[in-house]
Amino acid sequence: MTFTIASWPGFEVISRLDELAEIYAEIYSEPPYNSGTPSSVAGFIDRTTRQAAREGFRFLAAIADQQIAGFSFGVPIAEGAWWASDEFTEPPADLRAAPKFAVIELVVRKRWRFQGIGHRLLRQLLDGRPERYAILTARTDAPARQMYERWGWIKTGTARHSAEFPTMDALALPLPASSTTTRLHK
């Protein structure tokens, strides 16, 4: 199977939000995401609209058979900042103090899973980033959680983004552009 990766600027992401929201709804209608946790399309559109307007926003789409097979995007998080969440465990001091790139979404449609698309999207999303770390949150009961661990992500704590969401694992990955050696384990 052949696929290509396309980078879209924020304004293009915003102009294609209806299409992206359909894919988001498709992914988040599957277990464990459909287990009462509100992963609403309206929330996705609102969050993504705000994030796409931020400086440093980066979006990649995987295109296969002239369709979007998956996408990933993220935003920089400043030194000293952490997840904007209702509840979280404090990350290691060196992680909080460093500039970070937050991976907000990584989704691959069911038809195109297990073909390397998710791994390539994430690798390219993070390639050349100037930040010292990438961070993301993952549901503990989602298959993606174990996938991230296989890819080298390290649990640094937990975060709960709002009262409607479950507590998720906060994960970090030292980025290659950073030549620092750090202790991320909590």
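Predicted model: local features only at pLDDT ≥ 70, side-chain atom pairs only at ≥ 80, totals over all residues.
**Notebook: salt bridges, cores and a pocket**

I started with Arg109, which is buried at a relative accessible area of 18%. The side chain of Arg109 meets that of Glu26 in a salt bridge, 2.8 Å from N to O. I then checked where the two sit: Glu26 is in helix α2 and Arg109 in the loop between β5 and α5, 83 residues apart, so the pair links distant parts of the chain. Glu26 is partly exposed, with a relative accessible area of 28%.

Next I looked up the other pairs. I found twelve salt bridges in the structure. Arg129 and Glu131 form one of them, again with 2.8 Å from N to O. Is Glu131 buried or exposed? Glu131 is buried, at 6%, and Arg129 counts as buried at 11%. I also noted a network in which Arg145, Glu149, Lys155 and Asp169 are joined by salt bridges that share partners.

Then I turned to the nonpolar side. The largest nonpolar core holds 30 residues, and Leu20, Phe44, Phe59, Phe71 and Ile135 have the most contacts inside it. Helix α2 gives the most to this core, with six residues. I followed Phe71 and saw that it touches, among others, Leu20, Ile23, Phe44, Phe59 and Leu121. A second, separate core has 25 residues, including Ile5 and Phe101.

Last, I visited the second largest pocket, with a volume of about 190 Å³. Of its 13 lining residues, Leu122, Arg123, Leu126, Leu173 and Pro176 are the closest to the centre. Helix α5 gives the most to the lining, with four residues. I sorted the lining into eight nonpolar, two polar and three charged residues.

Key: Residues numbered from 1 in each chain as written. Heavy atoms only, no water. 1 Å grid on protein atoms, 1.4 Å probe; cavity = no way out; pocket = protein on both sides within 12 Å on 5 of 7 lines; lining within 4 Å. Points joined across faces, edges and corners; volume = space filled by probe spheres on them. Nonpolar A, V, L, I, M, F, W, Y, C, P; charged D, E, K, R; others polar. Core = buried A, V, L, I, M, F, W, Y, C linked by side-chain atoms within 4.5 Å. Buried < 20%, exposed > 50% of the residue type's maximum accessible area, 1.4 Å probe, protein only. Contact = heavy atoms within 4.5 Å. Salt bridge = Lys/Arg side-chain N within 4 Å of Asp/Glu carboxyl O. Lists of a residue's contacts leave out its neighbours within four places in sequence.
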